[in-house]
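The following exercises ask the reader to study a structure step by step. Each task is followed by a worked solution.

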Amino acid sequence: YLDIRVNTGLTSINGFSNLQFLGGYFRTAVNSSLEELNGFGDLEQIGGDLYIQINNSLPTITGFSNLQSIAGELYIAENDELSDLIGLSNLESVIDRLSIIDNPKLAELDDFMQLTNVGGIFIGVNSSLLNINGLSSVHTCEGMIDIGNNELLANVDGLLGLEMLSDDLVIRSNASLVNLDGLANLKTITGRLSIDDNDLLSNISGLSSLTRVGGNFYIGFNP
């Protein structure tokens with residue numbers, strides 16, 4: 001594994017330009033002065049998780065331009081200045097969960113347009129996130145999808161490619177969400193479906209293609 005964390009004076013990471021494969025996890029966390037994460041241009045595969053967390057000066061992720069697969073989770077959380085993920089634009093597969101949590105300046109996920117295989121999705125507490133259109137190439141998902149507490153998210157159109165979900169679908173507490181049209185092609189949910197506490201949600205016709213929900217089906221507190 002490669003673990004770079006709690007280095008308060010570290011401003012850039014660019015010394016691994018020949019690294020092509022990492023067998024374990026990769027974590028960069030709690031590096032309060034880190035402004036550049038761009039030194040992994042030849043890295044194609046990570047054999048574990050990729051964590052990018054609490055790097056409060058990091059404005060962009062540019063250093064993974066050839067990264068195609070992550071065998072674990074992609075966890076991007078609590079990065080106060082992060083506004084784009086352009087360095088992940090060639091990522092095709094995340095075997096475990098894609099987690100994007102509490103990145104207050106991140107407005108979109110367009111850099112994930114090549115992502116087709118993902119084990120689960122958790123998009124939560126991103127106060128500037130306007131859309132999730134970058135997930136439009138995902139057609140099946142083996143794990144849970146949880147989209148919650150994204151106060152400016154007006155739609156889930158980025159899930160239009162999704163046809164089958166092999167776990168739960170939870171959409172909750174998205175204050176600006178007005179419809180579920182992005183679920184128009186979803187036919188099967190093997191787990192539960194919960195749509196709750198979305199203040200402006202007025203139209204659920206996007207669920208009209210559903211033929212099977214294996215677990216509980218709950219729609220509540222969407223005033």
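**Exercise 1. Determine which residues E73 touches, leaving aside residues up to four places away in sequence.**

Solution. The model examined here is a predicted one.

Step 1. Locate the residue: E73 lies in the loop between β8 and β9 (74-77).

Step 2. Classify its accessibility. The relative accessible area of E73 is 13%, and buried means under 20%. E73 is therefore buried.

Step 3. List the contacts. Once residues up to four places away are set aside, E73 touches G48, D49, L50, V94, D96, R97 and S99.

**Exercise 2. State where E151 is placed, and decide whether E151 is buried, partly exposed or exposed.**

Solution. 

Step 1. E151 belongs to the loop between β13 (145-148) and β14 (164-165).

Step 2. With a relative accessible area of 45%, E151 is partly exposed.

Step 3. Apart from its neighbours within four places in sequence, E151 is in contact with N126, S127, A175 and S176.

Step 4. Compare sequence and space: E151 and E81 are separated by 70 residues in sequence and by 18 Å in space, C-alpha to C-alpha.

**Exercise 3. Describe how β17 is covered and how β17 is joined to β15 and β19.**

Solution. 

Step 1. Examine the two faces of β17. L193 and I195 lie on one side, S194 and D196 on the other, and all of them are buried.

Step 2. Turn to β15 (residues 169-172). This strand runs parallel to β17 and is joined to β17 by four bridges. L169 stands opposite L193.

Step 3. Turn to β19 (residues 217-220). Four bridges join β19 to β17, and these two strands also run parallel. Here I195 has I219 as its bridge partner.

Step 4. Consider the surface. I219 forms a nonpolar patch there with I204 and F217, and together they have about 270 Å² of accessible area. I204 is found in the loop between β17 (193-196) and β18 (212-213). The relative accessible area of I204 is 39%, which makes this residue partly exposed.

**Exercise 4. How many aromatic pairs are counted, and how are the rings of Y1 and Y25 arranged?**

Solution. 

Step 1. A pair of aromatic rings is described by the distance of the centres and the angle of the planes.

Step 2. The count comes to seven aromatic pairs. In one of them, the ring centres of Y1 and Y25 are 4.7 Å apart and the planes are at 5°, so the pair is stacked.

Step 3. This pair links distant parts of the chain, 24 residues apart: Y1 is in the segment before β1 (2-5), and Y25 is in the loop between β3 (21-22) and β4 (26-29). Y1 is exposed, at 67% relative accessible area, whereas Y25 is partly exposed, at 25%.

Step 4. The rings of F40 and F64 are also stacked, because their centres are 5.4 Å apart and their planes are at 5°. F40 is buried, with a relative accessible area of 0%, and F64 is buried, likewise with 0%.

Step 5. Y1, Y25, Y51 and Y75 form one aromatic cluster.

**Exercise 5. Which residues form salt bridges with D3, and which residue forms one with D146?**

Solution. 

Step 1. Side chains of opposite charge can pair when their charged atoms come close. The structure holds six salt bridges.

Step 2. D3 meets R5 in a salt bridge of 3.2 Å, N to O. D3 also meets R27, at 2.6 Å, N to O. The pair of D3 and R27 links strand β1 with strand β4, the two residues being 24 residues apart.

Step 3. D146 forms a salt bridge with R172, and the closest N and O atoms are 3.0 Å apart. D146 lies in strand β13 and R172 in strand β15, so this pair ties together parts that are 26 residues apart in sequence. D146 counts as buried at 11% relative accessibility, whereas R172 counts as partly exposed at 23%.

Step 4. Through shared partners, salt bridges join D3, R5 and R27 into one network.

Methods:
Residues are numbered from 1 along each chain as its sequence is written. This is a predicted model: local features need pLDDT of at least 70, side-chain atom pairs count only at pLDDT 80 or more; totals for chains, interfaces and linings use all residues. Side-chain values use heavy atoms; hydrogens and water are left out. Patches are made of residues with over 30% relative accessible area and no salt bridge: like charges are joined within 9 Å, nonpolar side chains (Val, Leu, Ile, Met, Phe, Trp, Tyr) within 5 Å. Accessible areas come from the Shrake-Rupley method with a 1.4 Å probe; for residues, only the protein chains shown count as cover. A salt bridge is a side-chain nitrogen of Lys or Arg within 4 Å of a carboxyl oxygen of Asp or Glu. Buried means under 20% relative accessible area, exposed over 50%, partly exposed in between (1.4 Å probe, protein chains only). Rings of Phe, Tyr and Trp (its six-membered ring) pair if their centres lie within 6.5 Å; planes under 30 degrees apart count as stacked, over 60 as edge-to-face and the rest as tilted. Contact means heavy atoms within 4.5 Å. Two strands pair if DSSP finds at least two bridges between them.
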